[in-house]
Amino acid sequence: MTPVAPVAHAPTRLVRGLILGSIGLVFAIPIVAMVEFTLRSGLAGGHDFSRWTALFQGGFAGPYRAVLVALGNSVGLAVGTVVLVLLLLVPTLLLVHLRFPRLRRLMEFVCILPISIPAIVLVVGLAPVYSVLGRLLGSGVWTLAFAYGITVLPFAYRAIQANLDGVDVRTLSEAARTLGAGWVSVLLRVLIPNLRRGILAGAFISVAVVLGEFTIASLLNRNTLQTSLVVVSKADPYTVVILSLLALTFAFLLLLVIGRLGTVRTGSRRRPTTGGQP
Amino acid sequence: MLLFLLVPTLIAVGTGFVDETGAFTWDTVAALGNPVVVDAFANSFGLSALTAVVGAIVGAVACYGLLGAREHGPLRAVVDSLSGVLAQFGGVMLAFAFVATIGIQGLVTVVLRDTFGVDIFADGVWLYELPGLVLPYIYFQVPLMIITFLPALQALNPHWAEANATLGGNRATYWFRIAFPVLAPSFLGSLLLLFANAFSSYATAAALTSQGSQIVPLQIRSALTSETLLGRENLAGALALGMILVMGVVMSGYSVLQARAARWQR
């Protein structure tokens, strides 16, 4: 990415401030309300941190233990799904791009297709598939990674394909081949570094999708973060808001860090002297 | 791939055409004509259309506001992550957020009642019914619009603005004669995507309304989970078929518009 000059059609500072300020304010209301909600002490009114301290001093004991277990399940699922999807998708897309460009339309159609099939529809058909699968592989949470692989496919595909379109993969790989690189080193040292932005973005969105997935897990009776939150909400409407806030913040930070990773790497590449990463 | 996408879809659609004994039948599909089911589809359409239009307009304005921000600046980083969280991750938690905001004891409800004397639930509590879904849905539609529409807006070629200025055009000519026509396919495409997103969304509605099923995804839930009524599982298949038809039409429209939008994004 080259540094962009001030865009001619961009809004002025004032207009920008007004637009972003007002939309930001409206969107902050529910978050503020969540925080206020968790600080209420009893029906008498007044605010304190009793609910927060109760949750943390109890060490996530009792009913909240299940949330921790479910969180572990979800994180494991997210990692598994990302690995599964990237391992399948990146080589396939490169192969289609370089060797079989005619298949591109088909590939795009197949990858985008899951977006037009709502999870709630998919689950109607997944129920029988999983009852067979449960007999073969057990009913572990990890089996959901296959279903989630399908759910995140369109997101991962679009992120990687957009990057692929912006990079002259053909010239790069042929240049590398001419200079004597084998296909493995072309892939690992030329193509993947050039596609890291798209790959990271794909991973980024996939993790968010898996951590936030509720429909399939809920209707297949698997214990993930989202389903456990609903269970807690039936018992304690206040604590579930604390947990939701924590989960939203965690997801936000996660996405921020992953997004940051991409730019830090490009930054240090352009100015190699300012590296110094531990 | 085949096992986890095509097989479930075929089963989902296929069960719409078979009765309990496995014989082919149109009966369950005919159940789509049931007034309750028709109402659910109408509700889903209305909810999706309303939240998609509002979300698309507000989201597009937000994208315009973000145009000047540096692509890797802190503002963009925060907005990108926040949009990602709210659009993809929100689901169940947005339901709790809105219970805390406009629930019976929610902050906004209480402030409006105690300070301004306005009781938003004067005509009964609507948060756990269809109207209650509108605000939470808009809350995740706007971020999705930012995610899908901002790249198109950023791909506007700065040279066009310069060419416009060189040829004596002003800001209005630029927006109405150049930018809007170029952006129109992207905008309409995003609008369709938002519609599809709301139409297929389940988590927020499921967490918010534990009883009743005013929209199609919730009807599928009750068809799947209640085993008391005969042939309910097949009804889920028929409902799924109906949803796939709607999604098919919407998403074909989306891909046509995307192809048109790509013309200007070389």
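1. Basis of the note. Residues are numbered from 1 along each chain as its sequence is written, while chains are lettered from A and ligands numbered from 1 in the order in which they are written. The model is predicted, so local features need pLDDT of at least 70 and side-chain atom pairs count only at pLDDT 80 or more, whereas totals for chains, interfaces and linings use all residues.

2. Confidence. The model scores ipTM 0.77 and pTM 0.78. The pLDDT (the predictor's confidence in each residue, from 0 to 100) averages 77 in chain A, where 82% of the residues score at least 70. Chain B also averages 77, and 80% of its residues score at least 70. In chain B, the highest mean is 86, in helix α3 (residues 35–66), and the lowest is 62, in helix α2 (residues 27–30).

3. Chain ends to read with care. In chain A, pLDDT stays under 50 over residues 1–6, and the model has two contacts beyond four places in sequence for this stretch. Residues 265–278 of chain A also have pLDDT below 50, with three contacts beyond near neighbours in sequence. Here two residues are in contact if their C-beta atoms, placed from the backbone, lie within 7 Å.

4. Secondary structure. Which elements make up the two chains? Chain A has eleven helices and zero strands, and chain B has twelve helices and zero strands. These elements are DSSP runs numbered from the N terminus: helices are H or I runs of at least four residues, and strands are E runs of at least two.

5. Of the 278 residues of chain A, 38% count as buried; of the 266 residues of chain B, 48% do. A residue is buried if 20 or more other C-beta atoms lie within 10 Å of its own, exposed if 12 or fewer, and partly exposed in between, with C-beta atoms placed from the backbone. Among contacts in chain A between residues at least 6 apart in sequence, 77% join residues at least 24 apart. The corresponding share in chain B is 75%.

6. Annotated regions. For chain A, an unreviewed UniProt entry lists "transmembrane region" at residues 18–39, 77–97, 109–130, 136–157, 199–220 and 240–261. UniProt positions are given in the numbering used here, feature names are shortened, and annotations may be inferred rather than shown by experiment. In the model, residues 18–39 of chain A are 100% helix and 0% strand, with end C-alpha atoms 31 Å apart. Residues 77–97 of chain A are likewise 100% helix and 0% strand, and their end C-alpha atoms are 29 Å apart.

7. Helix α6 of chain A. This helix (residues 144–166) has 23 residues and reaches 33 Å from its first C-alpha to its last, close to the 33 Å expected at 1.5 Å a residue. The expected span is 1.5 Å times one less than the number of residues. α6(A) bends by about 45° at A:Val152, and the proline A:Pro154 follows within four residues. The bend at a residue is the angle between axes fitted to the seven residues ending there and the seven starting there. α6(A) is mostly covered, with 17 of its 23 residues buried.

8. Helix α7 of chain B. This helix (residues 134–154) has 21 residues and reaches 29 Å from its first C-alpha to its last, close to the expected 30 Å. A kink of about 35° lies at B:Thr148, shortly before the proline B:Pro151. Because 17 of the 21 residues of α7(B) are buried, this helix is largely enclosed by the rest of the structure.

9. Is A:Ser116 buried or exposed? A:Ser116 counts as buried because it has 21 C-beta neighbours inside 10 Å. A:Ser116 lies in helix α4 (residues 104–116) of chain A and, not counting residues up to four places away in sequence, touches B:Met247, B:Gly248 and B:Met251. B:Arg177, in helix α9 (residues 171–200) of chain B, counts as exposed because it has 12 such neighbours inside 10 Å.
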